[in-house]
Amino acid sequence: MKKRGNFGVFLWVVVGALLITSCEQPDGEAEFINTNRKEAFVKDDIFIEENESAKPLLHLSFDGNLTEEEASARFNKAIAEYKLKNKNQNKGLSTEWFYRIATLTGTQSNNGTDGPVQASVYFSTNKGAHAAKNIILDYPSIDERELGKWDYYLFKTFLPGKAVSWVHISSSTIQLQGTDDWFLKQFHTYMITDDQTVPATGATNIYTFPNVWLDNTCASCWDSYRKRGGYGKLKF
C-alpha cells in the first residue's frame, strides 16, 4: 500500500508539471503575436512600414497641354522651394531620403478616374531592405488623374535609427480600388540628387510605360501594376 501511495504522488507530480507547461505555452505565443502587431517591424532583414499610409510632402498636377519636360521643370521649382524651408547640415550620410512618383493618365474617353490609388515602393540600402507600403496618391481638394494629366508626388522615408550611404529602388507597385477604371500610360518612381537635403551623387529609378487599364469587378477590389528591377544607386 505504501509503494502504491508513493507511485500515486509521483503520478500527480508528473501530471502537474505537464499542466503547468501547457498553461505557459499560450502566453509565449501571445507575446510573439503582439510583437508582430507593431506598425513597423523587421522581418528577414526588411524594415516594413505597415499601415504607413504615407501622404506626399508635395503634389502637383499638370494639364495635358504641358510637355513632360515643362511639367517636370515646374515640379523641380516647387521642390527647390521646399528644400529652402527644410535645410539639413549633415554631411556624407543620410538618415532619410526623398523619392518621386509620377503618373500620366490616358487622353481618350473615360481614361481618368476618381477611384482611390495607392503605391508601394521597395528599396535596398547598405543597411538593409525597406518597404514603403500603402502610399496614398489622393488629395480630396485636387482633381487627380484627369485625361492627359501628369501627377507628380514627392515622398520622404527612412530606416529608423540608421544612416545609409546608398539607396536603390528595387521594385514599385501602383494599384487602383473600385470600378471607376483608369488607363495608366506612364508610371515612374525615381530618386535624384537635387531632391535630397544632404550632398548626394548618382540616381536610381524605375521608368515604366504600362499603357494598361486598371479596373475591378467590385468596389472593394484592387487591381495593380508592378515593375521589378530598378536601375542605379543614389549615393550619400
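Is Asp 114 buried or exposed? Select Asp 114 and look: at 66% relative accessibility, Asp 114 counts as exposed. The scale used throughout this tour calls a residue buried under 20% relative accessible area, exposed over 50% and partly exposed in between, with a 1.4 Å probe and protein chains only.

Before you go on, please note that this is a predicted model, in which local features need pLDDT of at least 70 and side-chain atom pairs count only at pLDDT 80 or more, while totals for chains, interfaces and linings use all residues. Residues are numbered from 1 along each chain as its sequence is written, and side-chain values use heavy atoms, with hydrogens and water left out.

**Stop 1: a charged patch**

Stay with Asp 114, which sits in the loop between β4 (97-105) and β5 (117-125). Helices (H or I, at least four residues) and strands (E, at least two) are DSSP runs, numbered from the N terminus.

**Stop 2: salt bridges**

Side chains of opposite charge can pair when their charged atoms come close. A salt bridge here is a side-chain nitrogen of Lys or Arg within 4 Å of a carboxyl oxygen of Asp or Glu, and the structure holds four of them.

Select Lys 156 and Glu 96, whose side chains meet in a salt bridge (3.7 Å, N to O). This pair links distant parts of the chain, with Lys 156 in strand β7 and Glu 96 in the loop between α2 and β4, 60 residues apart. Lys 156 is partly exposed because its relative accessible area is 37%.

Next, pick Asp 195 and Arg 100, another salt bridge, at 2.6 Å from N to O. Again distant parts of the chain are linked: Asp 195 lies in the loop between β9 (182-192) and β10 (201-208), Arg 100 in strand β4, and they are 95 residues apart. With a relative accessible area of 2%, Asp 195 is buried, and Arg 100 counts as buried too, at 1%.

Then bring up Asp 138, Glu 144 and Arg 145, which are linked in a network of salt bridges. Between Glu 144 and Arg 145, the closest N and O atoms are 3.7 Å apart.

**Stop 3**

Most residues other than glycine have a negative phi, and most peptide bonds are trans. Keep Arg 145 selected: although Arg 145 is not a glycine, its phi is positive, about 55°. You will find Arg 145 in the loop between β6 and β7 (150-157), and at 2% relative accessibility it counts as buried.

Asn 134 also has a positive phi, about 60°, without being a glycine. Asn 134 lies in strand β6 (residues 128-136) and counts as partly exposed, at 25% relative accessibility.

**Stop 3: aromatic rings**

A pair of aromatic rings is described by the distance of the centres and the angle of the planes. Rings of Phe, Tyr and Trp (its six-membered ring) pair if their centres lie within 6.5 Å; planes under 30 degrees apart count as stacked, over 60 as edge-to-face and the rest as tilted. By this rule the count comes to ten aromatic pairs.

One of them is Phe 75 with Tyr 152, a tilted pair at 5.3 Å centre to centre and 40° between the planes. Phe 75 is in helix α2 (residues 68-85) and Tyr 152 in strand β7, 77 residues apart. Phe 75 counts as buried at 0% relative accessibility, and Tyr 152 counts as buried at 2%.

To finish, select Trp 97, Tyr 99, Phe 123, Tyr 153 and Phe 155, a cluster linked by ring pairs.
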